[in-house]
Amino acid sequence: MQEQIDQYTTEVEAFNPANADELETFRIKFLGTKGLVKDLFEQFKSTTPEEKRTLGKVLNQFKQLAEGKYQLLKEHFDAQITTATAQQDLTLPGEGFAVGSRHPLSLVRNEIIDIFKRLGFVVAEGPEIEDDWHNFSALNFPEEHPARDMQDTFFITKDGGKDSIALRTHTSSVQVRMMESGKPPFRAIMPGRVYRNEAISARAHCFFHQVEGLYVDENVSFADLKQTLYHFVQELYGEGTKVRFRPSYFPFTEPSAEMDISCTICKGAGCNMCKYSGYVEILGCGMVDPNVLENCGIDSKKYTGFAFGMGIERITNLKYVIRDLRLFSENDVRFLKQFKTDIV
Ligand code: DAH
């Protein structure tokens with residue numbers, strides 16, 4: 001064993017590696033978990049007590065020699081790497097970070113919020129699981145109204161009727177919560193997710209997003225409604241976008257209207273997005289029905305208001321020319337990374 005140690009000592013002393021790889025081979029050979037130092041200590045266990053006395057010291061010296069040599073050479077090679085890095089051309093451009101992008105629906109929702117915030121609207125939210133009162137009854141839905149039907153609504157308890165709990169079918173429920181819990185004036189927009197029992201296709205989904213708007217005060221008129229929404233459209237789609245209002249029906253507004261804008265794709269010339277009519281519908285609106293105000297404890301003789309509701313998917317489709325709703329919930333990175341990010 002003494003002989004073996006002498007031989008290894010000579011080898012370690014003479015070792016002069018050309019690079020870090022050779023040093024690593026050296027480390028594995030002598031100091032690795034299956035290396036020669038370990039091996040020698042194993043052999044040492046079965047030597048006689050006399051041998052142990054002399055060999056113990058020699059063996060420890062050899063171990064320190066190998067470790068010391070390795071440490072020294074390692075520091076030498078590590079320093080070489082640092083110098084090489086420092087000598088690189090520091091004016092070369094960096095590698096850049098892969099930054100994620102915001103979801104298109106978030107971009108558009110934020111844009112809508114920004115526009116209304118500048119008009120003094122606050123943002124409010126409500127629960128996605130709603131009772132019949134907030135989703136339907138307070139909003140003046142007659143009990144036999146087809147929107148309460150199983151086809152449209154995901155009921156959680158009971159299948160319709162006054163005691164049922166459901167996934168909200170629209171954000172109009174937040175209007176009710178807001179009016180019940182405060183005093184006029186109200187000026188708020190209410191973004192959120194809504195659910196309908198629809199088969200998933202390019203044009204329909206079982207969940208989507210809406211932004212609800214509500215403005216209640218003394219002397220609020222239909223002219224205020226028109227001007228607010230007109231301004232909104234100019235901000236969102238650009239100056240010169242035309243709007244038109246068509247009479248419509250919603251249980252919670254009277255009178256009610258649907259608002260169209262000149263097609264953002266063909267600028268009114270006619271294309272398949274606007275079905276060659278030059279106009280596309282973007283929202284429902286109207287003057288808050290006095291029954292709704294009274295249901296929420298607001299004096300309908302003193303106060304009037306307008307409300308509107310729009311689908312964020314629809315607004316986004318028109319802005320980015322997206323024709324398949326399913327893209328919004330598939331999380332395909334090839335789709336998502338096409339949208340500019342405002343994350344910095
Ligand atoms: N809640 C309606 C829907 O989901 C949209 C809507 C229409 C909201 C007219 C309103 C409104 O506030 O006044 O289709």
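**Reading the pockets and the ligand site**

Guide: The second largest pocket is lined by 19 residues, and L105, R109, G192, R193 and H209 are the ones nearest its centre. This is a predicted model, in which local features need pLDDT of at least 70 and side-chain atom pairs count only at pLDDT 80 or more, while totals for chains, interfaces and linings use all residues. Residues are numbered from 1 along each chain as its sequence is written, and side-chain values use heavy atoms, with hydrogens and water left out.

Visitor: What is a pocket, and what volume does the second largest pocket have?

Guide: Rolling a probe the size of a water molecule over the atoms shows where empty space is left. On a 1 Å grid over the protein atoms alone, a pocket is an open set of points where a 1.4 Å probe fits, with protein on both sides within 12 Å along at least five of seven lines, and lining residues have an atom within 4 Å of a point. The second largest pocket has a volume of about 330 Å³, a volume being the space filled by probe spheres set on the points, which are joined across faces, edges and corners.

Visitor: How much space lies in the largest pocket, and which residues are closest to its centre?

Guide: About 1400 Å³ of space lies in the largest pocket. Of the 50 residues that line it, R196, F208, E281, G311 and R314 are the closest to its centre. Strand β9 gives the largest share of that lining, 8 residues, where strands (E, at least two residues) and helices (H or I, at least four) are DSSP runs numbered from the N terminus.

Visitor: Which ligand atoms lie by the polar side-chain atoms of H170, S172 and R196?

Guide: A polar contact is a pair of N or O atoms within 3.5 Å. A polar side-chain atom of H170 lies 3.0 Å from a nitrogen atom of the ligand, one of S172 also lies 3.0 Å from a ligand nitrogen atom, and one of R196 lies 2.9 Å from an oxygen atom of the ligand. Taken alone the ligand exposes 360 Å², of which the protein buries 88%, by the Shrake-Rupley method with a 1.4 Å probe.

Technical notes: A polar contact is a pair of N or O atoms within 3.5 Å; within protein, one must be able to donate a hydrogen and the other to accept it, and residues adjacent in sequence count only if both atoms are side-chain atoms.
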